[in-house]
Amino acid sequence: MDLTQTQHGKPGWMREAIAIWGYAQRNYFLTKRYFLWEVVWLVYSTMNALTIGFIGVNFGGGEGKSAAWATTFLLIGTLLWSYLSMIFDLLSETVSWERWEGTIEYTFMSPASRTSQLLGMGIYAVLYGIVRMIIMLGAISLFFDMDLGNANYLAALGILAICSVSLVGFGMVAAVMPLLSPEKGQQVTSIFTAVLLLISGIYYSIDVLPGWMQPLANISPVYYALNGIRAALLDGATFGSQWGNIWPLLLMGLIFPPLGLWMFRKGEWYAKKTGRLKRSG
Amino acid sequence: MTDEIIRHATNALELTNVEKRFKKKRNDYSYALKGVSITVKRGEVVGILGPNGSGKSTLVRVISTLTLPDSGDVRVFDIDAVANPREVQRHINRVSVEASFFKKLSSLENLLFGAKLYGVSDRESRPRIKSILESIGFDYKRVGEPMEHLSRGMQQKIALARALLTSPMLMLLDEPTTGLDPRSKKDVQKLIRGIRKDHDSSILLCTHDMGEAEELCDRIGILLNGEMIAMDTADGLRRRYGTQSLEDVFMAATGTSLDEAEFAGEMETAATAAD
């Protein structure tokens with residue numbers, strides 16, 4: 001079989017679809033090979049979530065809210081942060097991971113587009129994040145009496161889906177950093193994550209932040225996702241009634257992925273111009 | 001349209017006056033390539049001989065579209081590699097001194113991934129992988145073992161297999177035998193001869209092994225400090241410099257032995273890294 005013919009006989013979209021599948025499948029293979037590490041991180045994250053849940057039990061809700069409400073409020077934040085930060089980390093590590101493995105040159109000289117690369121990484125991150133979140137939720141529900149009597153799960157899932165798109169885009173923006181600086185780029189993406197954690201109201205309402213800091217939450221997709229999902233799970237709010245949280249997420253979902261791709265391409269051009277597109281060591 | 005251009009191209013590779021410099025410090029640049037011009041005809045194997053730090057790897061990176069040249073023209077099968085990198089990428093592949101694999105993944109997993117980047121599905125690549133691996137003497141029962149369990153020589157053979165899997169029309173081999181034991185080196189060299197014979201590829205082979213260059217290449221270029229100072233057949237070079245061996249050709253052309261040039265190149269690389 002002449003694979004040149006096989007390769008060239010296909011329309012471009014099909015070659016790209018195969019490449020997207022390739023990236024997602026490769027990440028699945030890597031998860032399998034690093035399975036024990038994945039278990040370690042899952043146990044760590046679950047323990048972390050349990051600790052935060054017990055803080056809710058200990059301090060209660062205050063202002064007429066029950067301890068179950070406070071625990072649920074905190075656990076929604078913890079689970080969602082675990083899911084969204086995982087998507088963000090996987091995307092933002094696109095370059096540094098390949099650099100560390102020594103495969104970066106091989107990947108970047110292949111004809112698969114950057115869009116396919118980032119999409120493949122994003123699709124896998126979303127699927128893997130969902131599986132991980134379900135396992136964590138199962139473990140956590142054994143320990144706590146959660147206030148989910150009114151929960152509207154469909155609305156929560158809808159908001160989570162929209163937020164995932166904007167987070168994938170946000171991760172693409174961060175992924176450019178290791179292209180610009182092989183040594184310090186990945187550290188910069190950690191600062192992105194830390195700022196998102198601080199300003200998005202994951203463990204607290206943003207009302208407790210200093211006044212000058214509160215508007216920063218408006219640029220975080222995690223803030224809107226948390227507001228919407230908490231309203232859906234704690235108060236049973238419908239998807240339609242969440243427009244105030246949905247439209248910023250939709251807007252970010254429209255802006256961040258193309259912006260991320262554009263920045264990634266610019267970063268790639270810069271790395272190729274300055275000779276930074278090579279393995280570490 | 002592109003396929004038509006490629007079909008009618010007489011040269012696999014054509015570099016004209018390619019320049020590349022890298023910034024070391026503020027207002028301090030080092031030249032990696034100085035006005036390099038090379039032509040590789042269809043089906044030809046051209047060797048680039050030079051010590052470490054001579055610019056061989058930058059040259060391969062420029063052709064692979066991984067580094068953008070500052071000036072000059074890079075054409076692969078008559079397609080401008082700077083303006084149309086993805087068209088060029090579909091027709092080339094590369095094997096470098098480091099095998100560049102996901103070390104925890106098996107050879108099969110790495111090869112399946114590599115093929116998909118070129119738009120080749122599992123269904124198409126699996127039988128091909130089996131046949132290529134068997135042809136290079138790889139025990140197919142080990143196909144599920146992590147790459148890190150394989151010897152360097154075997155990893156390098158898998159790297160060649162990965163390149164062959166996409167049937168490249170131009171192969172870029174950047175010191176593919178460096179650091180291998182003599183037996184593995186011979187095996188890899190045999191494979192390279194096979195690529196030319198069975199796959200009808202054009203090959204650019206960068207090496208600092210003179211014997212390898214003479215044995216495998218139709219023409220040999222000498223690259224020193226980013227400049228191509230000679231390019232001819234091994235016999236042509238010997239005649240031109242009136243010497244008996246390629247070692248003597250190198251000495252006559254550069255005023256230094258390859259070992260001394262290697263040492264100087266390594267010192268320069270270390271100094272740049274320290275900066």
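The centres of domain 1 and domain 2 of chain B, taken over C-alpha atoms, are separated by 26 Å in this predicted model. Domain 1 of chain B comprises 2-91 + 169-274, and domain 2 covers 105-167; these bounds come from an automatic or database domain assignment. The contact between them takes 12 residues from domain 1 of chain B and 10 residues from domain 2 of chain B, where two residues are in contact if their C-beta atoms, placed from the backbone, lie within 7 Å. On the domain 1 side, helix H7 (residues 182-199) of chain B supplies the largest share, 6 residues. By class, that side has 6 nonpolar, 3 polar and 3 charged residues. Ala, Val, Leu, Ile, Met, Phe, Trp, Tyr, Cys and Pro count as nonpolar, Asp, Glu, Lys and Arg as charged, and the others, Gly among them, as polar.

Residues are numbered from 1 along each chain as its sequence is written, and chains are lettered from A and ligands numbered from 1 in the order in which they are written. Local features need pLDDT of at least 70 and side-chain atom pairs count only at pLDDT 80 or more, whereas totals for chains, interfaces and linings use all residues.

Chain B contains an open sheet of 4 strands in the order E2-E1-E4-E5, with antiparallel pairing. Helices (H or I, at least four residues) and strands (E, at least two) are DSSP runs, numbered from the N terminus, and two strands pair if DSSP finds at least two bridges between them. The edge strands, each pairing on one side only, are E2 (28-41) and E5 (79-80) of chain B. Strand E1 (residues 11-25) of chain B is joined to E2(B) in the antiparallel sense over 10 bridges, and B:Arg21 stands opposite B:Tyr31 in E2(B). The antiparallel pairing of E1(B) with E4(B) extends over 5 bridges, with B:Leu13 opposite B:Val76 in E4(B). E4(B) and E5(B), also antiparallel, are joined by 2 bridges; here B:Arg75 stands opposite B:Asp80 in E5(B). Helix H2 (residues 56-63) of chain B lies across E1, E2 and strand E4 (71-76) of chain B and runs at about 65° to E2(B). For such angles, axes are lines fitted to C-alpha atoms, for helices over the stretch in contact, and angles run from 0 to 180 degrees between N-to-C directions.

The hairpin of E4(B) and E5(B) has 2 residues between the strands. B:Phe77, in the loop between E4 and E5 of chain B, has a positive phi of about 50° although it is not a glycine. B:Asp78 lies in the loop between E4 and E5 of chain B and has a positive phi of about 70°, although it is not a glycine. B:Phe77 counts as buried because it has 25 C-beta neighbours inside 10 Å, whereas B:Asp78, with 15 such neighbours, counts as partly exposed. A residue is buried if 20 or more other C-beta atoms lie within 10 Å of its own, exposed if 12 or fewer, and partly exposed in between, with C-beta atoms placed from the backbone.

The contact between the chains takes 35 residues from chain A and 32 residues from chain B. On the chain A side, helix H1 (3-8), helix H2 (12-33), helix H6 (104-108) and helix H12 (243-274) of chain A each give two or more residues. H2(A) gives the most, with 10 residues. That side has 15 nonpolar, 10 polar and 10 charged residues.

The 22 residues of H2(A) should span 32 Å at 1.5 Å a residue, which agrees with the 31 Å between its end C-alpha atoms; the expected span is 1.5 Å times one less than the number of residues. The buried residues of H2(A) include A:Arg15, A:Glu16, A:Ile18 and A:Tyr23. Their cover includes helix H7 (114-141) of chain A together with helix H4 (107-117) of chain B. A:Leu119 is placed in helix H7 of chain A and is buried, with 21 other C-beta atoms within 10 Å. A:Leu119 and A:Leu142 are 23 residues apart in sequence and 35 Å apart in space, C-alpha to C-alpha.

For helix H3 (residues 35-59) of chain A, the 25 residues should span 36 Å, in agreement with end C-alpha atoms 36 Å apart. A:Ser45, A:Thr46, A:Ala49, A:Gly53 and A:Gly56 are buried in H3(A). The buried residues of H3(A) pack against helix H4 (67-92) and H7 of chain A. Just after H3(A), A:Gly60 takes a positive phi of about 70°.
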